[in-house]
Amino acid sequence: MDNDYERIQEGIAVLEKKIAEWSKLKLNSVQLDIYNQMIAEVRRLKELPGKPLTLENSLHDYNHSIGSGNGYELRSPGQAKDWNSVFGSQGGYVWPDKDCNFFSAVFSGRHHPGLTLRSMTETVPADGGFLIPSQTAAQIHQVSLENEIVSPGAFLQGMVSNEIKIPAMAIGSHASALMGGFTASYTSETGSIDEHSPKTRNMTLTAKKLTGMLRFSSELSADVPGGFDQIVQICGKGLSWYRDLYFLKGTGAGEPLGILKAPCLVTVPKETGQKKETIIYENIIKMMSRIFAGSFKNSIWICHQTCIPQLLSLSLSVGLGGAAIPVMSETNGKFTMLTRPVLFTEKTETLGTQGDILLADLSQYCIGLRNEMRFDTSIHVHFETDELLSRIIERHDGQPLWNEALTLADGGTTVSPFVVLADRLV
């Protein structure tokens, strides 16, 4: 019996490895069927009778259950954030029909048992829509992740409910105590030790509903698998654009709290006499002086693309007749400034407005992601032009880990993992 059990476990391990590999690929309809069959086979094998209950087996199972990759563990900036890493490779909704893919069933407008089952049991009635199968959701998520700025460098927590609490430190002032209320002092052998209670707080992530609308011709939906692949790309890139936008600029009211609206944001004033809509060398070095020292190695510059002419023209002169040294340099298509990477985007503020240039440590931002996407379509809204109107729904939240800027031990200087330059509009 033990030998049979071990062979079953080996088979499960092989299948799970292949499932994890395929989850990162763009699969055609045939491959998608094979993928779903592998998931179904893993489920079947796991339902077979287990090994005898012994102390040795119990300890073995307990030890291997810790960090087993079953999903819903907080993912750090350096860890993988694909769908299976966040939510686990097991479970999830597998599309049951081998002859008709999920999107074809939705677009047909006809009853399909798989769609009906999921809409009754998995969705919120007020929201509508059908739960997207795990493999399709994984592909959409992967496209989104590959095009995002914030998520890859942030902490990411899979959510099984509408709300989750993340433990975080109170920031405070180093003039009185370190972050978290830590203090230390030297005492004599018989001296008394002062007691201080650590200062912690709970940061609550509450899933916010992001709804994306798609309008396209009926020919696209009929072009399978080409139409399927295009829909995945459209949904993935659309989600990435809006995720980044709100992770950077969200107000926190019914949407994520973005970095540029964070209470811990440090704003560096413009220089006296500085011209409007400019960025000068003094701005850059003073911004760097206000980044939290522990964030420097993780920090990146996030700049609006209208800042490119200003940044490319920044240089340092070297004595009489010396060649000017550019402040921003480029190697193999990647830019750096004062040793830190530079990314350009349209999702921050335009040149001259506070937030046009941001120095950020994205590892100090946390994102919560619900384990579901939903999709629905209507053939009636644009009936005259033979177009379909569809929507995709995803729920997530995000906010900085810091609740305020840190005051250094000098009692006056404030630093943060997020630093911007003040307005230069006049």
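Predicted model: local features only at pLDDT ≥ 70, side-chain atom pairs only at ≥ 80, totals over all residues.
Trainee: How many disulfides does a search of the whole structure find?

Mentor: A disulfide is a covalent bond between the sulfur atoms of two cysteines. Cys-303 is in no disulfide, since the nearest cysteine sulfur, that of Cys-307, is 5.7 Å away, and the cut-off is 2.5 Å. For the whole structure, the number of disulfides found is zero.

Trainee: Is Cys-303 buried or exposed?

Mentor: The relative accessible area of Cys-303 is 0%, and a residue counts as buried under 20%. Cys-264 also has a relative accessible area of 0% and is buried. By that cut-off, Cys-303 is therefore buried.

Trainee: By how many residues are Glu-21 and Lys-18 separated in helix H1?

Mentor: Their side chains meet in a salt bridge, with N to O at 3.5 Å. Glu-21 is partly exposed at a relative accessible area of 38%, and Lys-18 is partly exposed at 35%. Both belong to helix H1 (residues 2–22), where they lie about one helical turn apart, a separation of three residues.

Trainee: Which residue forms a salt bridge with Lys-286?

Mentor: Lys-286 lies in helix H10 (residues 281–289), and its partner sits in the loop between strand S6 (266–268) and H10, so the pair ties together parts that are 15 residues apart in sequence. The closest N and O atoms are 2.9 Å apart, and the partner is Glu-271.

Trainee: How many bridges join strand S14 to S15?

Mentor: Strand S15 (residues 387–400) is mostly covered, with 11 of its 14 residues buried, and Met-373 stands opposite Glu-394 in S15. A salt bridge (3.1 Å, N to O) also brings together the side chains of Glu-372 and Arg-395, linking S14 with S15 across 23 residues, and both of these residues are buried. The two strands run antiparallel, and the number of bridges joining S14 (residues 365–378) to S15 is 11.

Trainee: Where is Val-318 placed?

Mentor: Val-318 is partly exposed, with a relative accessible area of 40%. Together with Leu-316 and Ile-325, Val-318 forms a nonpolar patch on the surface, of about 220 Å² accessible area. Its place is in the loop between strand S8 (315–316) and strand S9 (325–326).

Note on methods
Residues numbered from 1 in each chain as written. Heavy atoms only, no water. Patch = residues over 30% accessible without salt bridge, like charges linked within 9 Å, V, L, I, M, F, W, Y side chains within 5 Å. Areas by Shrake-Rupley, 256 points an atom, 1.4 Å probe, with all protein chains shown as cover. Salt bridge = Lys/Arg side-chain N within 4 Å of Asp/Glu carboxyl O. Helix = DSSP H or I, 4+ residues; strand = E, 2+ residues; numbered from the N terminus. Buried < 20%, exposed > 50% of the residue type's maximum accessible area, 1.4 Å probe, protein only. Pairing = 2+ DSSP bridges.
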